[in-house]
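Keep the viewer open as you read.

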Amino acid sequence: MARALYIHWPFCAKKCPYCDFNSHVRDQVDVALWENALLADMRHEAGATRKEALTSIFFGGGTPSLMPPALVARLLAEAEKLWGFAPDIEITLEANPSSVEAARFADLSAAGVNRVSLGVQSLDDAKLRFLGRLHGAREAVAALQIAQSTFGRISFDLIYALPDHTMQTWRDELSRALSFGTSHMSLYQLTIEPGTRFETDVRRGEFAPLDDDAAADLFALTAELTNAAGLPAYEISNHAKPGEESRHNLTYWRYQDYFGIGPGAHGRRDGYATTRHRKPENWLAAIERNGSGLREERPLASNEQAAEALLMGLRLREGIALPALASRLGFAAETLIDNVAVERHLSAGLLWRDGGRLGVSADGMPMLDALLADIVADELVTA
């Protein structure tokens with residue numbers, strides 16, 4: 001079974017107006033202090049569970065490409081010492097495509113990073129300004145080219161369904177993005193998240209989000225273009241050449257164990273849910289006080305695990321094997337889902353079933369959230 005490690009670096013040069021991630025802007029960061037704290041958090045996790053080799057590590061944020069490469073190397077060396085690495089371990093680091101951070105790519109590769117995920121977000125300067133990004137389109141393409149010559153595997157993100165996106169503008173931008181030949185792309189519709197500056201802007205009438213029908217048309221166009229380019233969606237927003245899927249994210253979506261360290265990081269291990277303190281200063285204080293950044297560690301009831309596994313697994317094109325999940329958690333397979341709702345959506349072509357495996361069809365994916373709310377058994381959610 002896959003076991004993964006997530007390392008959260010919470011710092012950014014600037015907070016983007018759409019972002020609700022646990023990211024913070026600080027004038028200075030004491031790297032030595034953070035190294036010791038992250039190592040302590042990692043050692044706590046390693047001591048809390050059985051020792052099995054890691055299959056993936058993911059540096060997320062925040063902006064992990066702001067981390068000194070020497071710190072990345074130190075954390076990887078400790079992780080290998082504590083757990084061991086699978087022979088083909090995937091080690092991903094999220095990076096902003098600025099020239100300053102691209103200059104670190106060779107050193108990050110030497111530290112052990114073998115996959116990079118670039119936050120390009122757009123190939124249009126006006127849209128990048130709207131999104132509050134610090135880089136320009138030309139700088140992003142240059143960073144992508146450096147990454148392609150440095151790392152074995154590359155992914156990059158784009159945000160679409162912006163207020164002025166049309167079918168033609170998105171077709172042009174996505175077609176150009178696909179022409180770079182990366183093996184993985186994450187394509188996210190702009191979502192107005194609570195607590196973000198964009199939520200305030202929308203409330204004040206400074207801009208209006210794209211309407212749902214137009215966004216659905218763009219979703220369909222995305223599927224058309226990525227399928228034609230050989231990067232079909234394996235998850236609702238993630239596209240890859242066969243065999244190039246993000247192994248780390250598959251660990252989440254297949255509901256396998258992962259450790260989370262750093263401010264705000266979540267984990268799922270051996271039937272327990274773990275949560276770290278979100279604010280960097282509170283997390284550091286917890287490390288000093290307790291030897292870990294844990295805010296909460298609690299056992300998950302079987303119904304919670306089943307509900308989480310369904311909500312995650314049905315995001316995937318491969319769907320989920322209900323008998324295997326039921327056996328793992330001690331349920332009867334038919335009690336995991338609302339069978340009446342499932343039959344209705346099967347008849348409408350929004351779901352598919354193959355033996356004991358259930359999945360959401362291409363037609364159903366635009367309605368994923370509503371489908372999940374309808375088909376996961378009420379007993380799992382309310383028990």
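Keep in mind that this is a predicted model. You'll find Thr226 in helix α9, which covers residues 212-228. What does its side chain do with its polar atom? The backbone oxygen of Thr222 lies 2.7 Å from a polar atom of the Thr226 side chain, and the backbone oxygen of Ala223 lies 3.3 Å from one. Setting aside residues up to four places away in sequence, Thr226 touches Leu174, Leu178, Leu187, Leu231, Pro232 and His239.

Now hop over to another threonine, Thr196. This one is in a loop, between β6 (184-189) and α8 (197-203). With a relative accessible area of 4%, Thr196 is buried. Its side chain reaches the backbone oxygen of Glu193 at 2.7 Å. Beyond its neighbours within four places in sequence, Thr196 is in contact with Pro17, Tyr18, Cys19 and Asp20.

Next, the nonpolar interior. In soluble globular proteins, nonpolar side chains tend to be buried together. Here the largest nonpolar core has 95 residues, and Leu5, Ile57 and Phe59 are the ones that touch the most other members. Zoom in on Ile57 and, leaving out residues up to four places away in sequence, you'll see it touching Leu5, Ile7, Leu76, Ala79, Phe85, Ile89, Glu90, Ile91, Thr92 and His248. There is also a second, separate core of eleven residues, with Tyr6, Phe58, Tyr252 and Leu316 among them.

Three strands make an open, antiparallel sheet, ordered β13-β15-β14. Since β13 (320-321) and β14 (351-354) are at the edges with a single partner strand each, one side of each has no neighbour in the sheet. β14 pairs with β15 (residues 357-360) over four bridges, in the antiparallel sense; Trp352, for instance, has Gly359 in β15 as its bridge partner. Helix α14 packs on this sheet, touching β14 and β15, and its direction makes about 105° with that of β14.

That helix has another partner too. α14 (residues 339-347) packs with α15 (residues 368-375) at an angle of about 145°, and their axes are 8 Å apart. From α14, Ala341, Val342, Arg344 and His345 meet Leu371, Asp374 and Ile375 from α15.

Conventions: Residues are numbered from 1 along each chain as its sequence is written. This is a predicted model: local features need pLDDT of at least 70, side-chain atom pairs count only at pLDDT 80 or more; totals for chains, interfaces and linings use all residues. Side-chain values use heavy atoms; hydrogens and water are left out. A nonpolar core is a set of buried Ala, Val, Leu, Ile, Met, Phe, Trp, Tyr and Cys residues joined through side-chain atoms within 4.5 Å. Buried means under 20% relative accessible area, exposed over 50%, partly exposed in between (1.4 Å probe, protein chains only). Contact means heavy atoms within 4.5 Å. Axes are lines fitted to C-alpha atoms, for helices over the stretch in contact, and angles run from 0 to 180 degrees between N-to-C directions. Helices (H or I, at least four residues) and strands (E, at least two) are DSSP runs, numbered from the N terminus. Two strands pair if DSSP finds at least two bridges between them. A polar contact is a pair of N or O atoms within 3.5 Å; within protein, one must be able to donate a hydrogen and the other to accept it, and residues adjacent in sequence count only if both atoms are side-chain atoms.
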